[in-house]
Amino acid sequence: MAVICNWSTSIFRPCLPILVTDFGNTKRCRIACGSTTNENWGISTRQDCQNTHLFPVDELYCSDNYKHKLDNVRNLLVKSTEEENLILVDAIQRLGMGRHYQEEIHTILTHYYAKKPGDSDTTYGCYSLHDVSLLFRLLRQQGYDVSSEVFNNFKGENGKFRGEVRQDVTGLLELYEAKQLSFEGEKILDEAEDFSTKLLYRYSADCKNRTFADRIITRLKYPCHKTITRLTETNFLTYFGTANNGWEKPLKELAEVDFLVGKSVYQEELLQVSKWWDGLGLTRELKLARNQPLKWYTGSMAILINDISLSKQRIELTKSIAFIYLIDDIFDLYGTPDELAIFTEAVDKWDYVAIDTLPEYMKTCYKALLDTTNEIAFMINKKHGYNPIHTLKQAWGSLCKAFLVEGRWFADEDYLPSADEYLSNGKVSSGVHVVLVHLFYILGLGGTHNQGAILLEENSTLISSVAAILRLSDDLGNAKDEQQNGKDGSYIEYYMRDNRGLSFKQAREHVIKMIASEWKLLNKECFDINPFSQELSFYREACLNLARMVPLMYSYEDNQRLPILEEYVDLMLLKP
């Protein structure tokens, strides 16, 4: 029987949080959405990076001290008992250190998975709601085929969760976390979410231990599967189920070294991105365009934060994000409808000859877009043996066409798109497709003999779901109240027009359900990918990281600040 409110407070705070940032405050949702009051993105980036001491990464990674810390945690894993190994695996993964122990974690999970699913008393060798829920989540997120029916063991003859489960707060927390990995049609997990959420909010209100109560609220707001745990889980190591287990010290020591390594690598990458952007000179000609390499880089850092070695990939991915913003500003701030149509046609042709058809202010941007994308394609061809330029230029053409469509909608007061039409175009104009297509090839997934195009098509639902989550969440965040005047260009507005008589509250609830449904589709796509294909598995995780950025983009304080994001950017990228 779990104890409800006696968790002790720990001074430990994870030392290697993951970065997420907001992206832009235009009327359209871009690769990431939201806004921030911090207007200094990129203004002093180059100077800040140049004045920052870079840690000797190779020395840190190769030092005997670092290897010793790695071995200390490895020994914990190897020697851990069945009563504690799942909790330890969870802690290591939440700290972002799972990459060091893939073999050990695979061995532990396979050991459980090899057992029979169970009878009325046990599931894969686990008995408690906490352990079954945790194991379910760990197995499913690694791609193991595990059925949600395992939770029927905690229901009574009446089909409802048994009474004693209501008192197991730690079990309810894990049940709520497990539900976040649900697929469409898994009714029992939908029931589990409703059941656990109501009880946990009640317990948090009644709990006298405010530290534990805050812990419950944090996990309800930021379930680990749908957020970046290294930002939001600031004290999850406060309880391991046994006292004085000796885990905190070795985990903290290793996390501290990983943090220093990451800080050095990311600052050097940001410096390279800033130099590249300054070298293009685009903002000297397009003075109204955003000049924010720090913001653009943080997106790539978040997406690919699970592997510190992918420096080149993060830098190249940042370049695609930068051009999404630059082209967005051209469409929003500079171009006339006729000029934007010409620009879109030129991008579709992907030919330097088309430069002569463009207005002067567009020429440099167009040439830089072609130069940069062609260079990325050349790099991929050199490293992996295939040239994805055809698919990359198609992605840019689709983006510009989506921008053009939105511009015409806003210019034409007599035409309003349907909600479905708006969302279909909005998923493209979010920029998600451009980024994830570039990422697909940058990670070496192109294959040969058109295998890349086939794989990319197979992952189209995954990309679409990420884009829908960002687009709908952005519209949900921007729709503050019912008193909206004119065209705000949001799904909620168009949905209410399509369904006359629907209240604003009902429309919001519909969008919330749509986002939940997209997460289920995304889960199915991600966890159906062969877990033992390392490249596809990593691509899956990167796509999830992009979707996981969304909750943090809207974690505003009353003064419209995003403290979690701003503090981490300052800590990781700007402070020495």
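How many aromatic pairs does a search of the whole structure find? The search finds 16 such pairs, a pair being two rings of Phe, Tyr or Trp (its six-membered ring) whose centres lie within 6.5 Å, with planes under 30 degrees apart counted as stacked, over 60 as edge-to-face and the rest as tilted. The model is predicted, and local features need pLDDT of at least 70, side-chain atom pairs count only at pLDDT 80 or more, and totals for chains, interfaces and linings use all residues. Residues are numbered from 1 along each chain as its sequence is written, and side-chain values use heavy atoms, with hydrogens and water left out.

Among these pairs, the rings of Tyr334 and Tyr361 are stacked, because their planes stand at 25° with the centres 5.7 Å apart. This pair links distant parts of the chain, with Tyr334 in helix α14 (residues 311-334) and Tyr361 in helix α16, 27 residues apart; helices are DSSP runs (H or I, at least four residues), numbered from the N terminus. The pair of Tyr422 and Tyr494 is tilted, since their planes are at 55° and the ring centres 5.0 Å apart. Both Tyr422 and Tyr494 are buried (under 20% relative accessible area, with exposed over 50% and partly exposed in between, for a 1.4 Å probe and protein chains only), whereas Tyr334 is partly exposed at 22%.

Charged side chains also meet aromatic rings: the charged end of Arg140 sits over the ring of Phe183, 3.9 Å from its centre, and that of Lys155 over the ring of Phe161 at 5.6 Å, the criterion being NZ of Lys or CZ of Arg within 6 Å of the ring centre and within 35 degrees of the ring normal.

Key:
Helices (H or I, at least four residues) and strands (E, at least two) are DSSP runs, numbered from the N terminus.
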